[in-house]
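Please have a look at the model first.

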Amino acid sequence: HRSDVRVAERDVLVDAELQWYALSGGRYDRIIANPPFGAWQSPERRKQLKGLFPNFYVKESYTLFLILALRLLRDGGKMVFIIPDTLLSLTMHTHVRATLLQEAKISEIVLFPSSFFPNISFGYANLCLITIEKCEDKKDCMANSVRIIQGLRTVNDL
């Protein structure tokens with residue numbers, strides 16, 4: 001039992017405490033996430049999310065989790081996400097990619113089939129592990145190199 005660990009059940013995308021931390025320069029050194037994706041958002045929910053994440057596509061939540069996590073990191077903090085590879089190519093995620101390129105250094109992207117997970121196989125996308133470091137120096141962000149790993153054949157290759 002660790003006294004510095006707190007478990008809370010809440011809707012993190014709209015949680016007031018987390019939004020405050022995000023707006024006040026971040027608070028975390030490390031974030032690891034496997035956010036939900038593919039879930040339908042009601043029009044009311046999309047309106048609420050649009051207020052918190054202007055300029056971002058809010059019908060798909062995984063990118064909102066990614067942006068919130070970036071906001072919650074301290075400068076130099078790192079995060080690792082497992083998300084659909086659609087982040088890399090869909091037009092609707094252009095603003096997310098631009099934000100990442102200006103506010104973070106992407107260290108590594110590992111591309112792999114969704115079928116690596118038992119009973120999971122998306123017809124519309126594969127998955128990726130993306131490792132990101134928050135960086136407040138825009139010049140450093142823009143001069144960053146990304147390691148891309150692909151062609152994995154089995155889950156053991158991960």
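Which strands does α3 lie across, and at about what angle does α3 run to β2? α3 lies across β1, β2, β3 (104-112) and β4, at about 165 degrees to β2. This is a predicted model, in which local features need pLDDT of at least 70, side-chain atom pairs count only at pLDDT 80 or more, and totals for chains, interfaces and linings use all residues. Residues are numbered from 1 along each chain as its sequence is written, and side-chain values use heavy atoms, with hydrogens and water left out.

**The sheet**
- Five strands (DSSP E runs of at least two residues, numbered from the N terminus) form an open sheet of mixed pairing, in the order β1-β2-β4-β3-β5.
- β1 and β5 (147-149) are the edge strands, each pairing on one side only.
- Strand β2 (residues 73-84) pairs with strand β4 (residues 127-134) in the antiparallel sense over seven bridges; two strands pair if DSSP finds at least two bridges between them.
- Pro 84 stands opposite Leu 127 in β4.

**The largest pocket**
- The largest pocket is lined by 20 residues, and Val 12, Leu 18, Tyr 28, Ile 31 and Leu 72 lie nearest its centre.
- A pocket here is an open set of points on a 1 Å grid where a 1.4 Å probe fits, with protein on both sides within 12 Å along at least five of seven lines; lining residues have an atom within 4 Å of a point.
- β1 (28-33) and α3 (62-72) are the elements that give two or more residues to this lining, and β1 gives the most, with five residues.
- By class, the lining has 15 nonpolar, no polar and five charged residues.

Note on methods. Helices (H or I, at least four residues) and strands (E, at least two) are DSSP runs, numbered from the N terminus. Ala, Val, Leu, Ile, Met, Phe, Trp, Tyr, Cys and Pro count as nonpolar, Asp, Glu, Lys and Arg as charged, and the others, Gly among them, as polar. Contact means heavy atoms within 4.5 Å. Axes are lines fitted to C-alpha atoms, for helices over the stretch in contact, and angles run from 0 to 180 degrees between N-to-C directions.
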